[in-house]
Amino acid sequence: MVLLLLLFVCIATAVPIYRKPHIWTDGPATTSKVGNSVPMNGGVLTLGAYYAEVTIGSPPQKFSVLIDTGSSNLAVPLEGCKTCGGSDVHHFVPANSRTYQNVGCQSKACLKCSPEDYFGNTSKCVFGQPTCSTEGHCGYAITYGGGGSGISGFVATDEVCFGEHCVASHNIILMTREIPAASLSSAPMDGILGLAYEMNACNPTCTTPIFDHISRDHHIPNVFGMCITPSNGGSLDLGAIDHTKYTGELKYTPVTTQRWWNIHVLDIRVGGVSIDIPDFFYWTTNDIIGGFVDSGTSVFLVCPVIYSSIQEIFQAQYHKLPGVANTLFSGGCVPDNVMGDKLRLFPNITVTFPDENGGTFDLLMGPQSYLMHSNGAYCLGIVGNGGTGIVLGDIFMENYYTVFDKVSNRVGFGALSKCV
């Protein structure tokens, strides 16, 4: 989760999506498994996030967790956490679970501080040496949004159920502090569930992402499909691709760095005009975290150079459209009565990706997505942010059925036909 922007302070009643089985028919030719669809509530225009239910412990304790392809941990508040959410947020009570186990500071699990494939060297820590928490357990701490928020606590294990599958002794992060207070555990969400790579779950102890664990224990493909809607929730297809949710063929681009769902972007066009920025600005370098697909970011997030180039084209070629000259790129919003019927005149944003075969493909984001409509006004969902190449957040993802494939290390996109 790089940036969770709650641009609109209005929370609507979420609409549940009912669970149904799907058949896996894409990927390895020998694979034929039944997956399951996990309902997600929320919406980018109503909450700025999407969440689903997970249970922890025996008997199960229920939590609503933000579904985040930009992080890799499962974290919920511990009972007694004073900076976590209040009485409307669920806190985990270890004493109420017969399968709960602490993870000791000197245990093998705590001392694991690099992924299995970290340059062939599992003895070298990725992000420093493991620590002890103030409670004497295996310590854990992570920041989100480039330091905009953070959590600390400790690692424990318990039974976790997500969708139709349960796994024993899964690593969970029990939050004992949130900075700022209640920045992550705020109703209707209790915590966060990350679906990125294990590298992103080393803080400093490495924990296993929940779906990696489910895939391994239940022998289902480590692939999931996701679709979201602006205000009516979405669905997460675990171990399966639901071919009824998109039209045409899935277009795949390779994962470039196995940390976030990092992918390369080659160009952005506003209307038919390229922003003419070298493609290394989109990539992971020693200065920026590159480009990736992130359900935990609500907007289309780009580095300042890319943002300025997009702004220049808008204000040179579309300055007569409502808000372009002096409102939208200054953080303001355009009221409905000013926009009138002019939304259709705004250009598409086209993003170009490399495919798996040496070619390229384009994906579009229309003005109905990047001009976010709520509370009677349109606000720009394209945001400049230092240290980032490009983050394809919810307003981009809402147009596509997105497939996250760790079997072949790739991300696929299909034009969304239905979601909920």
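Which two residues form a disulfide with their sulfur atoms 2.0 Å apart? Cys202 and Cys206 form this bond, a disulfide being a pair of cysteine sulfur atoms within 2.5 Å. The structure is a predicted model, in which local features need pLDDT of at least 70 and side-chain atom pairs count only at pLDDT 80 or more, while totals for chains, interfaces and linings use all residues. Residues are numbered from 1 along each chain as its sequence is written, and side-chain values use heavy atoms, with hydrogens and water left out.

The protein contains six helices and 27 strands. Of the 420 residues, 57% are buried; buried denotes a relative accessible area under 20%, exposed one over 50%, and partly exposed the range in between, with a 1.4 Å probe and protein chains only. The protein exposes about 16,600 Å², of which carbon and sulfur atoms supply 52%. Accessible areas were computed by the Shrake-Rupley method with a 1.4 Å probe, and for residues only the protein chains shown count as cover. Among contacts with a separation of 6 or more, 69% are between residues 24 or more positions apart, a contact being heavy atoms within 4.5 Å.

In soluble globular proteins, nonpolar side chains tend to be buried together. Here the largest nonpolar core has 89 residues. Such a core is a set of buried Ala, Val, Leu, Ile, Met, Phe, Trp, Tyr and Cys residues joined through side-chain atoms within 4.5 Å. The residues with the most contacts inside the largest core are Ile67, Phe162, Leu236, Phe300, Phe314, Tyr370 and Phe396. Helix α3 (residues 304-317) gives the most to this core, contributing five residues. With residues up to four places away in sequence not counted, Tyr370 touches several residues, including Phe314, Phe346, Met365, Cys379 and Ile395. A second, separate core comprises 21 residues, among them Ala49, Ala75, Ile173 and Met175.

Strand β3 (residues 49-56) is mostly covered, with seven of its eight residues buried. An antiparallel pairing over six bridges connects β3 with strand β4 (residues 61-68); two strands pair if DSSP finds at least two bridges between them. Within this pairing, Ala52 stands opposite Val65 in β4. The hairpin of β3 and β4 has four residues between the strands, and Gly57 takes a positive phi near 100° there. Strand β3 is also joined by three bridges to strand β8 (residues 149-162), again in the antiparallel sense, and Val54 faces Phe162 of β8.

A search of the whole structure finds seven disulfides. In the pair of Cys202 and Cys206, the torsion about the S-S bond is about 105°, so the disulfide is right-handed. Cys202 is buried at a relative accessible area of 0%, and Cys206 counts as buried at 5%. Cys110 and Cys138 form another disulfide, with their sulfur atoms 2.2 Å apart. This pair links distant parts of the chain, as Cys110 lies in helix α1 (residues 108-111) and Cys138 in the loop between α1 and β7 (139-144), 28 residues apart. The S-S torsion of Cys110 and Cys138 is about 85°, and the disulfide is therefore right-handed. Cys110 is buried, with a relative accessible area of 0%, and Cys138 counts as buried at 0%.

The sulfur atoms of Cys333 and Cys379 lie 1.9 Å apart in a further disulfide. Cys333 belongs to strand β19 (residues 333-335) and Cys379 to strand β23 (residues 377-380), so the pair ties together parts that are 46 residues apart in sequence. Cys333 counts as partly exposed at 33% relative accessibility, whereas Cys379 is buried at 9%.

The structure holds 21 aromatic pairs. Rings of Phe, Tyr and Trp (its six-membered ring) pair if their centres lie within 6.5 Å; planes under 30 degrees apart count as stacked, over 60 as edge-to-face and the rest as tilted. Phe211 and Phe224 form an edge-to-face pair, 6.1 Å centre to centre with 90° between the planes. Phe211 lies in helix α2 (residues 210-218) and Phe224 in strand β11 (residues 223-228), so the pair ties together parts that are 13 residues apart in sequence. Phe211 is buried at 2% relative accessibility, and Phe224 is buried at 1%. One aromatic cluster is formed by Phe300, Phe353, Phe361, Phe396, Tyr400 and Phe413.

Conventions. Helices (H or I, at least four residues) and strands (E, at least two) are DSSP runs, numbered from the N terminus.
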